[in-house]
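Please look over the sequence and the structure before reading on.

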Amino acid sequence: MRQGLALLYYPLDPTLSLENSDALDRGCILLGAAALLAAQVRLEPAARILGASDAIYKQTAAGLSPRERSEEAATCESVRAGLGEAAYSEAFAQGQGLSL
């Protein structure tokens, strides 16, 4: 069910790629990927991608829309609950250090 919801919020678009997008688009693409990974219970990669997305948003002045902020919070909460705080924090920090 959650995977279906993730696909509704973040439809797969073959024209989207990290190389051909601006920072805001990259952040949204990564949020969608994290939501899909969380729905597939691939929590550690989801946490790393959430960290990477967070790093992108911190580098730009761009903010999330209220809907995106809500979905990000729900994904973070789900992943954190599944991994536990220590494992989530470690994977999130690894993601913040990725170069995109």
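Is Arg48 buried, partly exposed or exposed? Arg48 is partly exposed, because its relative accessible area is 26%. This value, like the others here, is computed from a predicted model.

**Helix α3**

Arg48 and Glu44 lie 4 residues apart in helix α3, which means about one helical turn separates them. The helix runs over residues 43-59 and has 17 residues. From its first C-alpha to its last, α3 reaches 24 Å, close to the 24 Å expected at 1.5 Å a residue. The helix is mostly covered, with 12 of its 17 residues buried.

Ser53 is found in helix α3 and counts as buried because its relative accessibility is 0%. A polar atom of the Ser53 side chain lies 3.3 Å from the backbone oxygen of Gly27. Leaving aside neighbours within four places in sequence, Ser53 is in contact with Gly27, Leu30 and Leu31.

Val41 is placed in the loop between α2 (23-39) and α3. Most residues other than glycine have a negative phi. Val41 is not a glycine, yet its phi is positive, about 60°. With a relative accessible area of 62%, Val41 is exposed.

**Salt bridges**

The whole structure holds 4 salt bridges.

| Arg48 | Glu44 | 3.1 Å |

Glu44, the partner of Arg48, is partly exposed at a relative accessible area of 43%. In general, an α-helix has 3.6 residues a turn, so residues three or four places apart point the same way. Asp54 is buried, because its relative accessible area of 17% is under 20%. Lys58 is exposed, because its relative accessible area of 63% is over 50%. Arg80 has a relative accessible area of 33% and is partly exposed.

**The nonpolar core**

Which residues touch the most other members of the largest nonpolar core? They are Leu50, Val79 and Tyr88, in a core of 20 residues. At least two residues of this core come from each of α2, α3, α4 (66-83) and α5 (85-96). Helix α3 supplies the largest share, 8 residues. In soluble globular proteins, nonpolar side chains tend to be buried together.

Not counting residues up to four places away in sequence, Val79 touches Ala38, Leu43, Ala46, Ala47, Leu50 and Tyr88.

Key:
Residues numbered from 1 in each chain as written. Predicted model: local features only at pLDDT ≥ 70, side-chain atom pairs only at ≥ 80, totals over all residues. Heavy atoms only, no water. Expected span 1.5 Å × (residues − 1). Buried < 20%, exposed > 50% of the residue type's maximum accessible area, 1.4 Å probe, protein only. Polar contact = N/O pair within 3.5 Å; in protein donor to acceptor, adjacent residues only side chain to side chain. Contact = heavy atoms within 4.5 Å. Salt bridge = Lys/Arg side-chain N within 4 Å of Asp/Glu carboxyl O. Core = buried A, V, L, I, M, F, W, Y, C linked by side-chain atoms within 4.5 Å.
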